[in-house]
Amino acid sequence: MRDIVRIAVVVMLIAGVSGGALAYAHSVTAPAIERALRQAKEQALAQVLPGADRFEDRTEGYRQLMGNPRFRAVHEVWEGLSGSDPVGTVVVVAPTGYGGPITCLVGIGRDGKITGIQVLSAPGETPGLGSRVKEPAFLGQFTGQAGRLAVDTISGATISSRAVVDGVQAALDLLAEKGH
């Protein structure tokens with residue numbers, strides 16, 4: 001009986017010390033991780049909206065429109081600024097492809113034309129098929145378009161490429177609805 005109590009106390013001490021060490025490591029590294037994630041996101045935003053030197057989150061201003069089922073793929077809206085002048089908007093969309101959500105950044109200039117698209121993640125897409133939505137040949141079709149999109153889908157990845165087209169169209173329609 002005495003051995004069981006001694007083993008239980010030792011295990012509790014080890015668990016307590018380990019838990020404390022993990023909590024300390026988290027508190028020390030969390031700000032650096034947060035800063036690195038924000039920096040990576042700002043770099044991705046800048047890639048799809050050239051000319052912007054900083055971005056401000058405008059999602060709350062679109063929240064009511066985003067409640068409309070037409071815009072269910074829209075997750076965030078960022079305004080790109082050069083100094084204090086707006087240069088365009090980046091809309092984060094996550095339409096559902098064959099393997100799940102495909103998260104994309106859609107850069108849209110002040111003239112309403114697409115300035116760039118980047119697929120951030122498409123974790124459930126089949127390699128060689130649905131994952132082809134990340135290829136420049138597909139994404140390059142969007143650049144310069146406005147209004148109704150005219151884009152060829154990818155043979156063999158029709159569901160996923162159609163989902164990206166629908167997500168990009170939702171981004172364009174959201175800004176048009178808001179009066180941009």
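This is a predicted model: local features need pLDDT of at least 70, side-chain atom pairs count only at pLDDT 80 or more; totals for chains, interfaces and linings use all residues.
User: Which residues of H2 are buried?
Analyst: Thr59, Tyr62 and Met66 are the buried residues of H2. They sit on the same side of H2, because they cover an arc of only 70 degrees around the axis. The arc is that of the directions from the helix axis to the C-beta atoms.

User: What covers them?
Analyst: The cover of the buried residues of H2 includes strand E1 (54-57), strand E2 (74-82) and H4.

User: At what angle do H2 and H4 pack?
Analyst: Helix H2 (residues 59-66) and helix H4 (residues 158-178) pack at about 100 degrees, and their axes are 11 Å apart. H2 is therefore roughly perpendicular to H4. Angles of 65 to 115 degrees count as roughly perpendicular, under 35 as roughly parallel, over 145 as roughly antiparallel and the rest as oblique. Axes are lines fitted to C-alpha atoms, for helices over the stretch in contact, and angles run from 0 to 180 degrees between N-to-C directions.

User: Which residues meet there?
Analyst: From H2, Gly61, Tyr62, Leu65 and Met66 meet Leu174, Leu175, Glu177 and Lys178 of H4. By class, this contact of H2 with H4 has five nonpolar, one polar and two charged residues. Ala, Val, Leu, Ile, Met, Phe, Trp, Tyr, Cys and Pro count as nonpolar, Asp, Glu, Lys and Arg as charged, and the others, Gly among them, as polar. Contact means heavy atoms within 4.5 Å.

User: Staying in H4, is Asp173 buried or exposed?
Analyst: Asp173, in helix H4, is buried, with a relative accessible area of 19%. Apart from its neighbours within four places in sequence, Asp173 is in contact with Arg70, Phe71 and Arg148.

User: Changing topic, how many aromatic pairs are found in the whole structure?
Analyst: The search finds one aromatic pair. Phe138 and Phe142 form this edge-to-face pair, at 5.5 Å centre to centre with 90 degrees between the planes. Rings of Phe, Tyr and Trp (its six-membered ring) pair if their centres lie within 6.5 Å; planes under 30 degrees apart count as stacked, over 60 as edge-to-face and the rest as tilted. Phe138 is buried at 3% relative accessible area, and Phe142 is buried at 0%.

User: Where is Pro95 found?
Analyst: Pro95 is in the loop between strand E3 (85-93) and strand E4 (96-97). Pro95 counts as buried, at 6% relative accessibility. Leaving aside neighbours within four places in sequence, Pro95 has contacts that include Ala73, Ile102 and Gly167.

User: And Thr96, buried or exposed?
Analyst: Thr96, in strand E4, counts as exposed at 58% relative accessibility. Beyond its neighbours within four places in sequence, Thr96 is in contact with Pro101 and Ala163.

Notes:
Residues are numbered from 1 along each chain as its sequence is written. Side-chain values use heavy atoms; hydrogens and water are left out. Helices (H or I, at least four residues) and strands (E, at least two) are DSSP runs, numbered from the N terminus. Buried means under 20% relative accessible area, exposed over 50%, partly exposed in between (1.4 Å probe, protein chains only).
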